[in-house]
Amino acid sequence: MTILDKIVANKKREVAAAKKRTSYIALEESEYFHRDTCSFKSFLLDPARTGIIAEFKRKSPSKGIINDKVRVSAVTTDYAAAGASALSVLTDRKFFMGRKADLVKARSVNNIPVLRKDFMIDEYQVIEAKALGADIILLIAAILTPTEIDTLAKLAKSIGLNVLLEVHNLEELERSINPNLDAIGVNNRNLADFTVSVETSYQLAKHIPAEFMKISESAISDPETIRHLKLEGFNGFLIGETFMKQADPGQGMRDFVALL
């Protein structure tokens, strides 16, 4: 089994357990479920912001613990103050040391879009994302069929969530394009072995239809890379490890943005 296979298998068990603990009705009665979500597009294209989707991530399967000493509320507010267009918060516990409570905390102290970064395989998780305070969900083409993407994206849009589709190659892109998507993200990380190469974004850029925002994800550690990606039409840049490996991730982002 690849790392991705293991993550998905565990996620199925997690979702089944979550359904037993918390009903759909309880989720829909939560504080955040009926809030108006932030427009991903408006914030991403705001010229006063950086286009950076700044990620809070304690651990990854490939790198191990990146930074487990910082608080999500402090880091995300620093990210927002440094010009982040959106925040990404990992909620997978087993493989990334994420917590659903991290998303709630990030939402409670910020007024910019928040992406629930997780492995979405079930409609329950979409409803849960809204209840936790997310504005954006991630759909990963590598683990979903076109029909599943359509079902989850339609549900997300019906409750006001923005939808980011993540692809890794041209085949995934071509089979997964859906009118209910807001943005298409090219993950420069191979989810089978977790190696990274920003060349993946350059290769797929011209194949992403113009009606979708273009996001480049992972392998961005140099401001010069963002300048090149913008020339290829990319609007957003998801950056996590570059900031999180610093003792002060907020300062790491401030230093990075100063060079843009």
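Buried here means under 20% relative accessible area, exposed means over 50%, and partly exposed is anything in between, with a 1.4 Å probe and protein chains only. The model is a predicted one, so local features need pLDDT of at least 70 and side-chain atom pairs count only at pLDDT 80 or more, while totals for chains, interfaces and linings use all residues. Residues are numbered from 1 along each chain as its sequence is written, and side-chain values use heavy atoms, leaving out hydrogens and water.

E241 belongs to helix α12; helices (H or I, at least four residues) and strands (E, at least two) are DSSP runs, numbered from the N terminus. Its side chain joins that of R189 in a polar contact of 3.4 Å. A polar contact is a pair of N or O atoms within 3.5 Å; within protein, one must be able to donate a hydrogen and the other to accept it, and residues adjacent in sequence count only if both atoms are side-chain atoms. Setting aside residues up to four places away in sequence, E241 touches K57, S60, K63, I66 and R189, where contact means heavy atoms within 4.5 Å.

The elements giving two or more residues to the lining are β6 (136–140), β10 (236–239) and α12 (241–244).

Beyond residues up to four places away in sequence, L138 touches L115, R116, K117, D118, M120, L164, E166 and E217. L138 and A183 are 45 residues apart in sequence, yet 9.8 Å apart in space, C-alpha to C-alpha.

Next comes the nonpolar core, a set of buried Ala, Val, Leu, Ile, Met, Phe, Trp, Tyr and Cys residues joined through side-chain atoms within 4.5 Å. The largest has 85 residues, and F40, Y79, V126, I137 and L139 touch the most other members. Helix α7 gives the most to this core, with six residues. With residues up to four places away in sequence left out, L139 touches M120, L144, I149, L152, A153, V163, L164, L165 and E166.

In α6 (residues 100–109), the buried residues are D102, L103, A106 and R107. Seen down the axis of α6, they fall within an arc of 130° (taken from the directions from the helix axis to the C-beta atoms), so they line one face of the helix. Their cover includes β1 (52–56), α4 (72–81), β4 (86–90), β5 and α7. In α4, V72, S73, V75, T76, Y79 and A80 are buried, and they pack against β1, β4, α6, α12 and α13 (249–257). Just after α4, G83 takes a positive phi of about 110°.

Most residues other than glycine have a negative phi. M97, however, has a phi near 55°; it is in the loop between α5 (93–96) and α6 and counts as partly exposed at 24% relative accessibility. A219 has a positive phi of about 65° although it is not a glycine. A219 sits in the loop between β9 (213–217) and α11 (223–231) and is partly exposed, at 30% relative accessibility.

One further loop residue is D122, found between β5 (114–117) and α7 (123–132). The side chain of D122 makes a polar contact of 3.1 Å with the side chain of K19. Not counting residues up to four places away in sequence, D122 touches V15, K19, Y24 and L152.
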